[in-house]
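Here are my notes on the model you sent over. Have the sequence and the structure open while you go through the points.

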Amino acid sequence: MLNSIYHKFFTRLPLRPTQADKTIHLLSAEELQSIRKLERRTIFISALIGAAMVLVLYFPQYYWTEFFSESHFNLLGFEFDLSITSLVWGIFLVFVEILMLSILHLYCAHETAVAIGLISTPEQKHGSDAKALIDIGLERKDKSLSRYGLDPYQGLSKTTVFLINLFVALKATLSNVLVKLITRRLLGRYALREVLDMLGIPIFAFWNAWATRLVLRETRVSIMGRHALLVMENQLKEKINPEHHEWIYDALQYVAICKRDYHRNHALLSQLLIQKYAIDIRTKHHISEEFIEEIQLVPENVADLCRVIMVLGLVLDGKISIREKRRVSTLVQTGWLHCTETDLDHWCVLFRTGGGLQLLFDRYPNAFRQ
């Protein structure tokens, strides 16, 4: 039911006039200005929602104390006090906040697509592009990378993966608990309940704003990344020797391990290369622990293609972490990968702000048709 509501909301959003051009993988100054204005406005609204929901959660409990009074429970030998009314009220507000943020994020995805030029007619609100935008707005992960046997979590235990995902899901709540503990320790008996409760305002406002910022960036880089890859496909060499397919798979898996997450642009890159070069799809592909030594043996006529895959895979999600740079630096130190951290940052920012990827492609000319 909710999916139907979200889809109807997205398709019925009005189309406003824009100055978007046909080069979707590039942004003009006007397009970039429009997107940044959208980002400032929606991030502020998102933060406001987070702050308002904290007030709506606690103020009724202050004024109607009897209605929200606690009851004593004994469960499996554990005794504790709990207000069932407060619990139900909190769960209801979580649902309301998720609904509000989902609507806001769908609006963000729609308006970004309109500003860039992906959507200019009502008919374009249907099909695969619209579905991808709705998934981004609802913060649904695209795990299609696994279709090609690529695993971002290679080398990590299931427990580690579970704990990472749990932390990501509960980061706002954990931050709130931590700040309350620190404040209670610092203020002691002066740490009134009202003071501790209101500490949640800046915390939840921040995490809401952060989530909206991520949706906005994800929408932008997904739209531009898809069309940048189409441009790249037309420049790539027409054929490579089938005996080199293993290296292509290794390069794709290396990116997945560096990112430690699924991303729709990496899945699109994998799909493009596998289909273009008719590479047999693996059910599972893991690179060996000696990958750094083995990659040095790649024949030069396919080495630049592997370099493009690895660097492009890092750039395509619009961010490069310190951990990713450390992994890449090992290849740079061997002399096999010809780029610096400054190059990576520059290409990433250039792509994210609509400058395209041509400078990156020019660094590795042997991967493309001359």
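1. Let's begin with the charge pairs. The count comes to 16 salt bridges, taking a salt bridge as a side-chain nitrogen of Lys or Arg within 4 Å of a carboxyl oxygen of Asp or Glu. Bear in mind that this is a predicted model, where local features need pLDDT of at least 70 and side-chain atom pairs count only at pLDDT 80 or more, while totals for chains, interfaces and linings use all residues. Residues are numbered from 1 along each chain as its sequence is written, and side-chain values use heavy atoms, with hydrogens and water left out.

2. One of these pairs is R264 with E218, whose closest N and O atoms are 3.6 Å apart. R264 sits in helix α9 and E218 in helix α7 (residues 200-235), so the bridge ties together parts that are 46 residues apart in sequence. Helices here are DSSP runs (H or I, at least four residues), as are strands (E, at least two), numbered from the N terminus. R264 is buried at a relative accessible area of 10%, whereas E218 is partly exposed at 21%. The cut-offs: buried is under 20% relative accessible area, exposed is over 50%, and partly exposed falls in between (1.4 Å probe, protein chains only).

3. Helix α9 also supplies K276, which bridges to E238 with the closest N and O atoms 4.0 Å apart. E238 belongs to the loop between α7 and α8 (245-259), and the two partners are 38 residues apart. With 48% relative accessibility, E238 is partly exposed.

4. Have a look at K259 and D317 too: their side chains meet in a salt bridge at 2.8 Å, N to O. Because K259 is in helix α8 and D317 in the loop between α11 (300-315) and α12 (322-333), the pair ties together parts 58 residues apart in sequence. Is K259 buried or exposed? K259 is buried, at 12% relative accessible area, and D317 is buried as well, at 6%. Both belong to a network of salt bridges that links K259, D317, K319 and E324.

5. Now for the surface. Which residues gather in a patch of negative charge there? They are E289, E290, E293 and E294. Patches take residues with over 30% relative accessible area and no salt bridge, joining like charges within 9 Å and nonpolar side chains (Val, Leu, Ile, Met, Phe, Trp, Tyr) within 5 Å. Asp and Glu count as negative, Lys and Arg as positive, and His and the chain ends are not counted; the charge is placed at NZ of Lys, CZ of Arg, CG of Asp or CD of Glu. E289 lies in the loop between α9 (264-276) and α10 (291-294) and is exposed, with 79% relative accessible area.

6. There is a nonpolar patch as well, about 610 Å², made by L55, F59, Y63, W64 and F67. Areas come from the Shrake-Rupley method with a 1.4 Å probe, and for residues only the protein chains shown count as cover. F67 is in the loop between α2 and β1 (71-75) and is exposed at 57%. Helix α2 (residues 29-63) also holds Q33, which is exposed at 58%. Q33 is 82 residues from A115 in sequence, yet their C-alpha atoms are 9.6 Å apart.

7. Finally, the whole chain. It has 14 helices and two strands, and 45% of its 370 residues count as buried. Among contacts (heavy atoms within 4.5 Å) with a separation of 6 or more, 84% come from residues 24 or more positions apart. The chain exposes about 20,000 Å², with carbon and sulfur atoms supplying 61% of that.
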